[in-house]
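Student: Hey, could you walk me through this one? I'd like to start with the sheet and then look at some helices.

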Amino acid sequence: MAEQSEKSGLPGLWSNEFARAAILIAISAVALVAGFFDVKVYGIDPSWVAIILCGVPIIIEGAEGLIRRFDIKADVLVSLALIASVIIGEYFAAGEVAVIMQLGALLEELTVARARKGIERLASLAPETARVVEGDAERIIQASEVAAGVTVRVLPGETVPVDGEILSGTTSVDESVLTGEAMPVDKGPGDSVMSGSINRFGAFDMRADQVGESSTIARMAKLVESADASRAEIVRLADRWATWIVVMALSAAFLVWLVTGEEIRAVTILVVFCPCALVLATPTAVMAAIGCATKKGVLVREGDALERLAEIDRVAFDKTGTLTTGEPAVSDVQTLTDSITAPELLKLAAVAEKQSEHPLGAAIVRGFKERNAGEALPDPAEFSMESGSGVRAQTSSGEVAVGRLSWLKSIGAATDAEIERAEAAALPFRADGASAVFVSVAGSVAGFITLSDRMRPGIGRAVSAMKSMNVAPMLMTGDHPAAAMHAAEAAGIDPRLVESECMPETKLERLASLEKATVKTAMVGDGINDAPALKRAWVGIAMGGVGSDIAVNAADIVLVRDDIRVIPWLVKLSRRMMRMIRFNITLAMGINFAAIILAALGLLGPVLGALVHNAGSVLVILNSARLLRTPGAEETTDKEA
């Protein structure tokens, strides 16, 4: 069956291919019931309805594959059984086999239906226009028409259209969509900027270096596309063994006919040999497991994702937004003078930053409110901000300046000695991956506030659980080494499995090398920069709540609640699902072989044979349904011990 149509020209359910197939199967099933009770319509067995609606498409598809590509699939054996049953007048048996096979195909298509919107959404991130500066004039042109070497102006709030180098102006650039780095990066003349990043504050002029298809955002779109194309499709289980099943079925039927001379026995063998239960073994278990996962807030977008998840040897985590919450938060307050306490320093900085729009300033204000619930924060008497540098405000304690040390010195709010002392004091915190914001009170550096990305609750337990299942956790992040090692230590990840400063291309190359070394790796990420890796990994898992739409569309599995603690449980569920599938296959084949022996002995006719061998299909479905109530080894709402 084809993928679900997105056309909206036909009204109602009939425009939906899945719904249309379900309707045809339902009509065929009703007709079969009538045929079983020997109800005739104008003297015609209603089982013909099932044969025509469900059987003919199978025969056509099997014939096309065999004639055009010499591709022997399960449809070939089913077609032979259908034709043979019709020839000897066993219409119910033919229709019943056809309905079961089409039902299995429908269930399978429902589980493997895929959404491919990520590339288009990624391309939409790039702005359509750019401001090109020519002398004193400025004109707006299509971003795709920007030539290398020209000067481009980017205003506050705009997205950078091309890759290049800042010529004039200072700003703070949000590169989180590309690198995953939560903190905005201050930029000035000589610094490089990437297309797709967002200019948060001051305007700047830049020289266009990488334009068009060479820009960062365009390259990422290509990476997603190429990564998707590189993944081999998993072949349906019944089709893997189809050649052997066909050969064995034909051989057994021919031998029985040769020995007994009764064609009805040979046809019965063909009927009971049909891999109906084998077709249902995988999709029913997968659908039940998907239903169970949904209850835990997990959306499985790829039909075979759980099959692949059961085989993983390693799970690679992104840092920002995955191991961490993705928002800066006050982690420490350090004073460098005895005249001001840490709570007082935080309050003065919060007053100065109250009217600031910078993410770090907002984090300082939020940190004060969290530590002083209910206490009002006064407004500054005066306020001014310099993009990419810091803020100044008049408070009850005099002028307070918050920002970079070099800027504090330039405005006379810090001496060389104070800068040296402050740098030395902040060094250990920076080594742990924190950002330091310095505070000057009345013209003297009074201390600094460190901000870092908070670890997600339960990450330590999740990592430990993965290790207990022989799945090695690793960290791949675009962040700098100090921040990466600090996050890995907090999560319990082996330092030897930490890779920092990873661009999207780096992650993609690393995953490819792991796959080449037969290390099946799941990738867990949230940002646009993770989209190529999510596509390329053996299994891609996206954080759905904070994750970008592009990351979600690139992933196989989405954690709707952003609860990373559910991943170990999900791996256990996938492994139990695979055990269930193997049991289903064994059960189905056991029933089929028993039916074959009975048919060869003449104890089973085509109709009864179809019913008996499809009893295996019913047992497979009932057994798979047990996965719907799979208990979790750990409740995902538990707090970390």
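Tutor: Let's take the sheet, then a helix pair.
Tutor: This is a predicted model, where local features need pLDDT of at least 70, side-chain atom pairs count only at pLDDT 80 or more, and totals for chains, interfaces and linings use all residues. Residues are numbered from 1 along each chain as its sequence is written, and side-chain values use heavy atoms, with hydrogens and water left out.

Student: OK, what's the strand order in the open sheet?
Tutor: Its six strands go 2-1-3-9-4-7, with antiparallel pairing. Strands are DSSP runs of E, at least two residues, and helices are runs of H or I, at least four, numbered from the N terminus; two strands pair if DSSP finds at least two bridges between them.

Student: Which ones are the edge strands?
Tutor: Strand 2 (137-142) and strand 7 (192-193), since each pairs on one side only.

Student: And how many bridges link strand 3 to strand 9?
Tutor: Four, in the antiparallel sense, between residues 151-154 and 204-210. Thr151 stands opposite Arg207, and Val154 has Phe204 as its bridge partner.

Student: What about strand 1 and strand 3?
Tutor: Three bridges join them, again antiparallel. Val132 is partnered with Val152 there.

Student: Switching topic: at what angle do helix 18 and helix 23 pack?
Tutor: About 25 degrees, with axes 8 Å apart (axes are lines fitted to C-alpha atoms over the stretch in contact, and angles run from 0 to 180 degrees between N-to-C directions). That makes helix 18 roughly parallel to helix 23, a label for angles under 35 degrees.

Student: Which residues make the contact?
Tutor: Ala462, Ala465 and Met466 of helix 18, with Ile567, Pro568 and Val571 of helix 23; contact means heavy atoms within 4.5 Å.

Technical notes: Parallel < 35°, antiparallel > 145°, perpendicular 65-115°, else oblique.
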